[in-house]
Structure formats: structure tokens, C-alpha cells
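The following paragraphs lead the reader through selected side-chain contacts. Please consult the sequence and the coordinates alongside the text.

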Amino acid sequence: MDVIELTRELGKAIQQDDRFIAYNLAKQANDNDEGLQADMDRFSKLRADLGSAMSAEEPDRDNIAALDKELKEVYGRIMKNPNMIVFEGAQQNLENLVNNIQQIITLCANGEDPATCQPQTSSCTGSCSTCGGCG
């Protein structure tokens, strides 16, 4: 089996992992939550309207303030929605899994022992170009 085939097997294993399954269930719950979807649509429209208002030749400060206030209110509702709270947690868990996998692959590509190398539990993204140094 070559490296690409093994990577595809890893992909299958990820999709069978409880964290992936929880993420997809949470995403589906979000998609089916009509109130949440309405708030997300409203948030997108408000953000676009705010951007347009701010870039106007003569910005209307009162309109900008009103749009900003409503944008923050809608965002607050979105982030307090129970489905969104579950989704955020599930998304973070899946991202942590994928980040750990990427770190292990990077460590192995840099010559570390695949059986013993350990991913960092810090906020390392695996990209040295954005790194402030290892701690």
C-alpha cells in the first residue's frame, strides 16, 4: 500500500471517528434550525450593509451605529443558540483531532519516530511561517 492509499484509509478512519460524527450531526442540527438560519442570513446581510455604509463617500454615522448595534445583537443570538453552542464544541473537537494528525505527519516528515512522536497541545498550527517560537 502506498502513502496515498494509506492517507485515504486515514480519511476513512477520520470519518468514522466520534468527533467527525458529532460534528456532522451538529452541523445538520444547525442547518435544520430555521431560527438560527434566519439569524445567520440576517447577520450576513447586516455585515454587507455595514461594510457598504462604512465605505460610502460620506458615511452616515448614525446608520453605521444602528447597523453595528443590530449586527452585534444578531451575533449574540447566534452564539447563544443551543445548536450553535453544540456545533462550536464539536467543530473544535474535530479541529483538534485534525491538528494533532497534521502535527504527527509533520513530525514524521521531519524524521521523528512515528511510534513515539507527540503533537504539541499548544496552539501550534504546524506552519513555521506563522510561528513565534516553540515554548
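In this predicted model, Asp31 and Lys27 lie 4 residues apart in helix 2, so about one helical turn separates them. Their side chains form a salt bridge, with the closest N and O atoms 3.3 Å apart. Asp31 is partly exposed at 44% relative accessibility, and Lys27 is likewise partly exposed, at 35%.

Helix 4, residues 61-80, holds another such pair: Glu73 and Lys69 are 4 residues apart, about one helical turn, and their side chains meet in a salt bridge of 3.8 Å, N to O. Glu73 is partly exposed, with a relative accessible area of 42%, whereas Lys69 counts as exposed at 54%. In helix 1, Lys12 and Glu9 are 3 residues apart, again about one turn, and a salt bridge of 3.3 Å joins their side chains. Lys12 has a relative accessible area of 46% and Glu9 one of 38%. The structure has 8 salt bridges by the rule applied here.

Between helix 1 (3-16) and helix 2 (18-32), the loop contains Asp17. Asp17 is buried, its relative accessible area being 18%, and its side chain makes a polar contact of 2.7 Å with that of Arg19.

The cysteines remain to be considered. The structure holds 0 disulfides. Cys108 takes part in none, its nearest cysteine sulfur being that of Cys117, 3.9 Å away. A disulfide requires sulfur atoms within 2.5 Å, so the 3.9 Å between the sulfur of Cys117 and that of Cys108 is too far for a bond. Cys108 is partly exposed at 27% relative accessibility, while Cys117 is buried at 9%.

Conventions
Residues numbered from 1 in each chain as written. Predicted model: local features only at pLDDT ≥ 70, side-chain atom pairs only at ≥ 80, totals over all residues. Heavy atoms only, no water. Helix = DSSP H or I, 4+ residues; strand = E, 2+ residues; numbered from the N terminus. Buried < 20%, exposed > 50% of the residue type's maximum accessible area, 1.4 Å probe, protein only. Polar contact = N/O pair within 3.5 Å; in protein donor to acceptor, adjacent residues only side chain to side chain. Salt bridge = Lys/Arg side-chain N within 4 Å of Asp/Glu carboxyl O.
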